[in-house]
Amino acid sequence: LGGQDGAGNTASAVQHQSTLRDNQAPVTALAISSTTIDVSTAVTLTATVTDSSSGLAGLSFSVPCGSVSAPHPLTFAGETNEQTIQRTWTVPAGCRTVGSQNVSVSVTDQSTFSADGNATVAITLRDLTIPTVSWDNPPTEISLGSGALTMTAIASDASSGVASLSFTLSNQAQGSFDPASRNVGGAPTTATATSELTVANSLTHGTQVTVRAQATDVGNNTS
């Protein structure tokens with residue numbers, strides 16, 4: 001910048017430098033190969049990211065459970081052109097966060113003045129695996145006229161958790177359970193429940209009695 005007065009005198013130039021700074025977040029988009037996802041499966045995460053000013057610095061996916069394939073998190077070298085990043089998300093059989101969830105990606109650039117770029121996709125995680133159930137030390141013989149017998153069942157479900165256990169006889173004319181079912185609170189991965197078995201007085205020596213225990217998980221799968 002220079003100036004001149006009416007007498008023709010010219011002032012010396014004055015210079016000033018300004019530093020440009022990038023205060024814009026990276027442009028970020030996220031796509032998932034499926035938004036309804038079952039436990040014990042894998043899906044593809046695709047992030048499309050751009051930062052045309054300071055350039056890209058890093059990228060990280062956030063998932064409700066399980067793991068994202070390597071390399072992750074990812075470090076960039078200041079690329080300014082669009083980058084497409086694909087990773088595999090593996091959902092374990094024991095994923096506990098079933099139902100409505102979010103998957104997101106966060107991207108940083110080389111500038112300390114800009115916010116992170118973020119994108120989120122809503123998903124549904126499903127547990128389609130049936131729970132397991134077994135009797136705990138069941139009797140091989142039942143004495144007639146001995147009154148109610150306590151039966152114990154153990155159920156397991158690694159993902160959504162155990163919701164209830166029910167008790168029945170194959171031939172319901174042979175007796176009854178009280179209670180016939182028990183609800184389980186808190187969705188534990190393993191639950192134990194008891195019920196009182198009373199056999200009918202009409203049964204005779206040598207009669208075979210078959211009892212069944214059934215478990216239902218929070219995902220409404222029944223053993």
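Me: Which residues of the largest nonpolar core touch the most other members?

Reply: In soluble globular proteins, nonpolar side chains tend to be buried together. A nonpolar core here is a set of buried Ala, Val, Leu, Ile, Met, Phe, Trp, Tyr and Cys residues joined through side-chain atoms within 4.5 Å. Buried means under 20% relative accessible area, exposed over 50%, and partly exposed in between, with a 1.4 Å probe and protein chains only. The largest such core holds 26 residues, of which Leu-59 and Trp-89 touch the most other members. At least two residues of this core come from each of β1 (27-32), β3 (41-50), β4 (56-62), β7 (83-91), β8 (99-109) and β9 (117-126). A second, separate core has 17 residues, among them Val-184, Ala-191, Ala-200 and Ala-213.

Me: On what basis are these values given?

Reply: This is a predicted model, in which local features need pLDDT of at least 70 and side-chain atom pairs count only at pLDDT 80 or more, while totals for chains, interfaces and linings use all residues. Residues are numbered from 1 along each chain as its sequence is written, and side-chain values use heavy atoms, with hydrogens and water left out.

Me: How many helices and strands does the chain have?

Reply: Helices (H or I, at least four residues) and strands (E, at least two) are DSSP runs, numbered from the N terminus. The chain has zero helices and 16 strands.

Me: In what order do the four strands of the open sheet stand?

Reply: Strands of a sheet pair through backbone hydrogen bonds, either parallel or antiparallel. Two strands count as paired if DSSP finds at least two bridges between them. The open sheet runs β10-β11-β15-β13, with antiparallel pairing. Because β10 (132-135) and β13 (175-178) are at the edges, each with a single partner strand, one side of each is left without a neighbour in the sheet. On average, neighbouring strands of this sheet are turned by 30° against each other, direction ignored; axes are lines fitted to C-alpha atoms, and angles run from 0 to 180 degrees between N-to-C directions. Eight bridges join β11 (residues 149-156) to β15 (residues 190-199) in the antiparallel sense, and Ser-156 stands opposite Thr-190 in β15.

Me: Is Gln-174 buried or exposed?

Reply: Gln-174 has a relative accessible area of 9% and is therefore buried. This residue lies in the loop between β12 (162-169) and β13. Contact means heavy atoms within 4.5 Å. Leaving aside neighbours within four places in sequence, the contacts of Gln-174 include Leu-169, Thr-198, Leu-203 and Val-209.

Me: Which backbone angles deserve attention?

Reply: Consider omega, then phi. The peptide bond from Ala-70 to Pro-71 is cis, with omega near -5°, and so is the bond from His-72 to Pro-73, also with omega near -5°. Asn-137, a residue other than glycine, has a positive phi near 50°. Asn-137 lies in the loop between β10 and β11 and, at 70% relative accessibility, counts as exposed. Ala-187 likewise has a positive phi of about 50°, in the loop between β14 (181-183) and β15.

Me: What does the C-alpha trace span along its principal axes?

Reply: The trace spans about 130 × 25 × 20 Å. Buried residues make up 33% of the 223 residues in the chain.
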